[in-house]
Amino acid sequence: QVQLVESGGGLVQPGGSLRLSCAASGSIFSVYAMRWYRQPPGKQRELVAAIHSGGSPVYKDSLKGRFTISRDSAKNTVYLQMNSLKPEDTAVYFCNANIRALYSGRPDEFWGQGTQVTVSS
């Protein structure tokens with residue numbers, strides 16, 4: 001019923017840029033906070049950035065200045081602009097959101113399937 005689908009991942013050289021998108025679809029009543037996580041090879045999943053439904057962003061300190069999260073609430077879509085990419089940014093990036101379905105009394109947490117980002121020469 002409710003789905004999150006990421007897109008925009010791929011192979012990029014160090015110093016390059018990439019823009020990820022995540023669109024929520026289905027029987028949605030309202031989308032609240034949306035987030036980006038990532039999981040580097042052999043490491044734990046970590047929060048990259050989050051954005052409230054009102055538009056206020058929060059970032060992991062080490063990524064602030066290079067990554068920018070934004071959203072288009074009318075399209076139920078969240079974006080992650082990644083600049084000055086480094087090899088250590090290589091990971092599977094996951095979209096996450098708190099979404100209330102049309103016939104649900106409360107919001108639930110949903111996850112996308114992930115998109116691979118590889119930064120390498």
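Let's start in the loop between β8 and β9, where Ser84 is found; strands here are DSSP runs of E at least two residues long, numbered from the N terminus. Ser84 has a phi near 50°, a positive value in a residue other than glycine. Most residues other than glycine have a negative phi. At 41% relative accessibility, Ser84 counts as partly exposed, a label for anything between buried (under 20% relative accessible area) and exposed (over 50%), with a 1.4 Å probe and protein chains only.

A word on what you're looking at: this is a predicted model, in which local features need pLDDT of at least 70 and side-chain atom pairs count only at pLDDT 80 or more, while totals for chains, interfaces and linings use all residues. Residues are numbered from 1 along each chain as its sequence is written, and side-chain values use heavy atoms, with hydrogens and water left out.

Step back to the loop between β7 and β8 and you'll find Asn76. Its phi is also positive, near 50°, and at a relative accessible area of 22% Asn76 is partly exposed.

Now move on to β9 (residues 91-101) and β10 (residues 108-111), an antiparallel pair joined by 4 bridges. A hairpin of 6 residues links β9 to β10, and Ala97 stands opposite Phe110 in β10.

Last stop: Arg35, in strand β4 (residues 28-39). What is the nearest side chain of opposite charge to this buried residue? That's Glu109, 4.3 Å away, and Arg35 has no salt bridge, which would take a side-chain nitrogen of Lys or Arg within 4 Å of a carboxyl oxygen of Asp or Glu. The side chain of Arg35 does make a polar contact of 2.6 Å with that of Asn98 (a pair of N or O atoms within 3.5 Å, one able to donate a hydrogen and the other to accept it; residues adjacent in sequence count only if both atoms are side-chain atoms). Leaving aside neighbours within four places in sequence, the contacts of Arg35 (heavy atoms within 4.5 Å) include Leu47, Phe94, Cys95 and Glu109.

Notes:
Lys and Arg count as positive and Asp and Glu as negative; His and the chain ends are not counted. Two strands pair if DSSP finds at least two bridges between them.
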